[in-house]
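Subject: Structure handover

Hello,

Here is the structure I promised to pass on. My notes follow below it.

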Amino acid sequence: MKYFKFTAGTPYCGTEEEKYLAFPDGVTEEELEEYAEEMAHNQGESFEYLVFGWDADPVGDGEMTQEEYDEQIDNFYADCHCEFTEVSEEEFVENGGVDA
C-alpha cells in the first residue's frame with residue numbers, strides 16, 4: 001500500500017480539509033491527480049454558497065447578468081485546489097487514514 005495526505009480548499013479562509021488515504025502499490029500519478037481534482041471540485045461544491053451568500057440571487061435580483069454570475073462561479077472553481085503528498089504508514093495511521 002501507498003499512503004497519501006490530500007489537502008483540499010477553496011479561496012475562502014477556513015474551508016480546507018485533509019484526508020489520509022491508502023491506495024494499492026500500483027496506483028498511478030494520473031489516478032491520484034484525478035482523485036485530487038474530484039476532491040477539489042467537491043470542496044468547491046460544499047462552499048459555493050460563500051461566493052454570493054446563502055440566499056443570494058444576484059441574477060434574479062438584477063445585480064448581474066447570467067454571464068457575469070457564471071464567470072464568478074467559474075473563477076471560484078478555478079481557485080479551488082487539492083494537493084497530495086505521500087506519507088508514511090505511521091502518519092497515515094496516526095491521522096485516522098482510510099482505504100480509498
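How many salt bridges does the structure hold? There is one. Please keep in mind that this is a predicted model.

The salt bridge joins the side chains of E18 and K5, at 3.3 Å from N to O. E18 sits in strand β2, while K5 belongs to strand β1 (residues 2-9), so the pair ties together parts that are 13 residues apart in sequence. Both partners count as partly exposed, because the range for that class runs between 20% and 50% relative accessible area. E18 has 43% relative accessibility. K5 has 21%.

Next, A22. This residue is also in strand β2, which covers residues 17-23. A22 counts as buried because its relative accessibility is 2%, and the cut-off for buried is under 20%. What does A22 touch, leaving aside its neighbours within four places in sequence? The contacts are M1, K2, Y3, F92, V98, D99 and A100. T10 is 12 residues from A22 along the chain, and the two C-alpha atoms are 24 Å apart.

Last, the surface charge. A patch of negative charge is formed there by E29, E30, E31, E33, E34, E37 and E38. One of these residues, E31, lies in helix α1, which spans residues 29-47. E31 counts as partly exposed, with a relative accessibility of 41%.

Best wishes

Definitions and conventions: Residues numbered from 1 in each chain as written. Predicted model: local features only at pLDDT ≥ 70, side-chain atom pairs only at ≥ 80, totals over all residues. Heavy atoms only, no water. Helix = DSSP H or I, 4+ residues; strand = E, 2+ residues; numbered from the N terminus. Buried < 20%, exposed > 50% of the residue type's maximum accessible area, 1.4 Å probe, protein only. Contact = heavy atoms within 4.5 Å. Patch = residues over 30% accessible without salt bridge, like charges linked within 9 Å, V, L, I, M, F, W, Y side chains within 5 Å. Areas by Shrake-Rupley, 256 points an atom, 1.4 Å probe, with all protein chains shown as cover. Salt bridge = Lys/Arg side-chain N within 4 Å of Asp/Glu carboxyl O. Lys, Arg positive; Asp, Glu negative; His and termini not counted. Charge placed at Lys NZ, Arg CZ, Asp CG, Glu CD.
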